[in-house]
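Biologist: Could you take me through this one slowly, telling me what each word stands for as we go?

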Amino acid sequence: MTAPGALRAWLEDRLALGPVVRYLEHKEVPRHRHAFLYYTGSSILLFLAVQIATGVLLALYYRPTLEEANASVARIVGEMPLGWLVRSLHSWSATLMIAFVLLHLLGIALTKAYRRPREATWVSGVFLLGVSLAFGFTGYLLPWDELSLAATKVGTDLPKAIPIVGAWVTRVMRAGDDVTGDTLSRFFIVHVSVLPLVLLALAAVHLYLVQRHGMSLPLDEERRGAKGPVLPFWPNFVLREAAVWLVLVGVLLTAAVLAAPGLGPKADLMAPAPEGIRPEWYFLFLFQTLKLFPAKVLGLSGELAALLVITAGMAAFALLPFIDDRPAERKGRIVTAAVWAALAYAVGMSVWSLL
């Protein structure tokens, strides 16, 4: 036996990868007018890999303390070889990952790919979106500049509107009554230790469910019952994925080089909030929604009323497969119209906030 053959035999004897290889060799991907949405899922994995690699490099030099956080980021950007590029890649890959998670879920919602038996796949994807947003929220504070401090104060102040437990939730998030160095340390630990473990576990469950139930067909094709054209996963679909990844890496590098994120002055706990603060783009519509509510709504505080409305909307989004239990009927068309309306609202509120 040749050396490569002996190595394959050794690995197969210990890892038993044969069934996995045979599964991938026989796996087929449906071909239809919505098939381009399949590439959004794998693109998320690409940006996640960039996040992990660049995050590890940044953590080697970052110091999560009140005195050194901002200075360590300045040192990474100004002194470390290509440190500015690593930080920019980390920032832009986070933005693109969240964008593609939203695009992926939106495509699934509009094509009703969450229908039975894929309800759990959808719910796990919504949880992945929540964890991705938590990454963005916790990572925003880590440069410890004026803008990140002010935005974090606003964000962590919102739970106070919740009766009974609201003040406690805020204290847990801040590690005290106000945003301090303890908050920075807590956000760093959550960002680099807790959230990655949760994300990897959810991603494993999500990928298993995708393989378990397969990729869905468009609703009209599934109703006809006729099997449409397919594409072999290996090597055809993988080569197409590689081409998409190559384009996205080019987009990521271009954005990282031409629009590297800046670093503001070191945060001052005693300074007033700077004018015109706003959250990252994926929180803009929520930020603008909160500003629309008056001080009192039906005897409730405006903030509590807004949180109740937002929470109800998030719950409806997570439970969409169970709400849209008859996707081919009139109820399904109403749900589709509601998804489009929600998308228009989010885009409109975001643009309004920017203006």
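**Helices, rings and cores**

Modeller: Let's start with helix α4 (residues 69-78) and α5: their axes come within 5 Å and cross at roughly 115 degrees. Helices here are DSSP runs of H or I with at least four residues, numbered from the N terminus. Axes are lines fitted to C-alpha atoms over the stretch in contact, and angles run from 0 to 180 degrees between N-to-C directions. This is a predicted model, where local features need pLDDT of at least 70, side-chain atom pairs count only at pLDDT 80 or more, and totals for chains, interfaces and linings use all residues. Residues are numbered from 1 along each chain as its sequence is written, and side-chain values use heavy atoms, leaving out hydrogens and water.

Biologist: Why are α4 and α5 called roughly perpendicular?

Modeller: Angles of 65 to 115 degrees count as roughly perpendicular (under 35 is roughly parallel, over 145 roughly antiparallel, the rest oblique). The two axes cross at roughly 115 degrees, and therefore α4 and α5 get that name. Where they meet, Val73, Ile76 and Val77 of α4 face Gly83, Trp84 and Arg87 of α5; contact means heavy atoms within 4.5 Å.

Biologist: What makes tyrosine 39 and phenylalanine 237 a stacked pair?

Modeller: Rings of Phe, Tyr and Trp (its six-membered ring) pair if their centres lie within 6.5 Å; planes under 30 degrees apart are stacked, over 60 edge-to-face and the rest tilted. Here the centres are 5.1 Å apart and the planes at 20 degrees, so the pair is stacked. Tyrosine 39 belongs to helix α3 and phenylalanine 237 to helix α11, 198 residues apart.

Biologist: And what kind of pair do tyrosine 282 and phenylalanine 283 form?

Modeller: An edge-to-face one, with 5.0 Å from centre to centre and 65 degrees between the planes.

Biologist: How do you know that tyrosine 282 is buried?

Modeller: Buried means under 20% relative accessible area, exposed over 50%, and partly exposed in between (1.4 Å probe, protein chains only). Tyrosine 282 has 9% relative accessibility, so it counts as buried.

Biologist: Which residues touch the most other members of the largest nonpolar core?

Modeller: A nonpolar core is a set of buried Ala, Val, Leu, Ile, Met, Phe, Trp, Tyr and Cys residues joined through side-chain atoms within 4.5 Å. Among its 32 residues, Phe47, Tyr114, Trp122 and Leu320 touch the most other members. Helix α5 gives the most to this core, nine residues. There is also a second, separate core of 15 residues, including Leu58 and Phe187.

Definitions and conventions:
Helices (H or I, at least four residues) and strands (E, at least two) are DSSP runs, numbered from the N terminus.
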